[in-house]
Amino acid sequence: MVMVFYGSNGKSNPVSMENKVEHQTENQITYDIHLPSDLGTLYKVRLGLQSLENNISQLSLRHFKIQNTSTLDTFSLTINKTLPLSPNGDRWIEFPIQWPLKEALSVVTYHLTVFSRNILNERNLVRMTACIYGTHGDTGDRSLVQTLQNVQQGEKNESFLVIVDAVDLGELEKIVLSISSKTDCKLDIKKLHVQEAAKEHPIYVFKVNEEFSVNANKPKIQKEIPRSFVIRGEQQKNDIDNNLNKEGSQVKKLTEYTIKVYTGDKRGAGTDANVHIILFGNEDKSEVFQLSHSLEHQNPFERGKVDTFKIKTKNLGGLRSIEIGHDGKGFEKVEITEAARNSIHCFNCNRSVDQSIITLYTLFSF
């Protein structure tokens, strides 16, 4: 069992309950602990089990008392709870410290909703925790995949609710995710929502939109997610939903292009330069794309090789020309396939791109 103490100047490291005082009474254990003097005024304590891996049975906690041996200031609290709170569940209890003539913070039940695509299928193999940070401290690592509630699973998207009891965190600022697994897998996480169980608003939104590749032989992954925005009322929620729907419609209208770049076979044709490309259609032009992640080769644009890249951009109409450039040399031709029209456009180069940008026009299309 360990304890973490929070003060006005910061928090302590986990304090192990090892130094038992010799004289003890039945059902009461006294510990001698030493805290850093720079914690300031204590305002909360987190008490729990360091790990659940040793098959620890439930630990019943009835009463807690702490006394400063120098000033004799004393705080006591009736707990009447057990750890862990449920099978494979939360192994922490938080409670505020009440000092005379000073109002203590309250204990708040937070609802943390995880929106993802495949965590539910992997939950028996994955360990995932979240530490929520606010202006009044943090929750410590809390399990996300052991005690799931309000599970909703669709064909592509899923969500589930995790309940976290903690001393009032104030304004939420960030969440740190920690992920490890017993096997190799990928977890696709979209976003996290946090709100107080007793209130509809505010809802704190943390956008993730990332696929995590977890390797059983590597250390756990840690990802810090800053707060994206706060929904403070129903009208704001409706406005955000409408904007997201519009963004979703725009994403559906994106056109995918497959770009094949043929590097010349002449000596010195390869390049290690930064290669960029712009596509021009009869209706619009694309943004600038850096061609850096080849589907075939870790080091693209080697002599005599073909590299394939995939990009998505707005509807350009019929493809007319491209602008390609870098600070090296040596392309033979560029071939672009437009997925929506199932058409292939060929651009003949047969010259070096030396310290400049060149425009190539469609040689033929089919």
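# Calling things by their names

Biologist: Let's start with Asp 284: what makes this residue partly exposed?

Modeller: Asp 284 has a relative accessible area of 33%. Buried means under 20%, exposed over 50%, and partly exposed in between, with a 1.4 Å probe and protein chains only. Asp 284 therefore falls in the middle class. Before we go on, this is a predicted model, in which local features need pLDDT of at least 70 and side-chain atom pairs count only at pLDDT 80 or more, while totals for chains, interfaces and linings use all residues. Residues are numbered from 1 along each chain as its sequence is written, and side-chain values use heavy atoms, leaving out hydrogens and water.

Biologist: Thanks! Why is the contact of Asp 284 with Lys 314 called a salt bridge?

Modeller: The term asks for a side-chain nitrogen of Lys or Arg within 4 Å of a carboxyl oxygen of Asp or Glu. Asp 284 and Lys 314 meet at 3.5 Å, N to O, so the pair passes the test. Asp 284 sits in the loop between β20 (276–281) and β21 (289–290), and Lys 314 in the loop between β22 (306–313) and β23 (319–326), 30 residues apart. As for Lys 314, its 39% relative accessibility makes it partly exposed too.

Biologist: And what is a "β" number here?

Modeller: Strands are DSSP runs of E with at least two residues, and helices are runs of H or I with at least four; both are numbered from the N terminus.

Biologist: Which residues are linked in a network of salt bridges?

Modeller: The network links Lys 11, Lys 44, Arg 46, Glu 94, Asp 138 and Arg 142; the whole structure has 13 salt bridges. Arg 46 meets Glu 94 at 3.7 Å, N to O. Glu 94 belongs to strand β7 (residues 92–96) and Arg 46 to strand β4, so this pair ties together parts 48 residues apart in sequence. Arg 46 also forms a salt bridge with Asp 138, again with the closest N and O atoms 3.7 Å apart. There the link runs from strand β10 (residues 137–138) to strand β4, across 92 residues.

Biologist: How do you know whether Arg 46 is buried or exposed?

Modeller: Its relative accessibility is 5%, so Arg 46 counts as buried. Asp 138 has 5% and is buried as well, and so is Glu 94.

Biologist: What makes the largest pocket a pocket, and how much space lies in it?

Modeller: On a 1 Å grid over the protein atoms alone, a pocket is an open set of points with protein on both sides within 12 Å along at least five of seven lines, whereas a cavity holds points where a 1.4 Å probe fits but cannot get out; lining residues have an atom within 4 Å of a point. Grid points are joined across faces, edges and corners, and the volume is the space filled by probe spheres set on them. For the largest pocket this comes to about 1500 Å³. Of its 38 lining residues, the closest to the centre are Tyr 31, Phe 64, Lys 65, Ile 66 and Gln 67. Elements giving two or more residues are β1 (2–7), β4 (42–48) and β5 (59–67), with β5 giving the largest share, nine residues.

Biologist: How do you know that β5 and β6 pair, and in which sense do they run?

Modeller: Two strands pair if DSSP finds at least two bridges between them. β5 and strand β6 (residues 74–83) have eight and run antiparallel. Leu 61, for instance, has Lys 81 as its bridge partner in β6.

Biologist: Where is the cis peptide bond, and what is its omega?

Modeller: The cis bond joins His 201 and Pro 202, with omega about 5°. Pro 202 lies in the loop between β15 and β16 (203–214).
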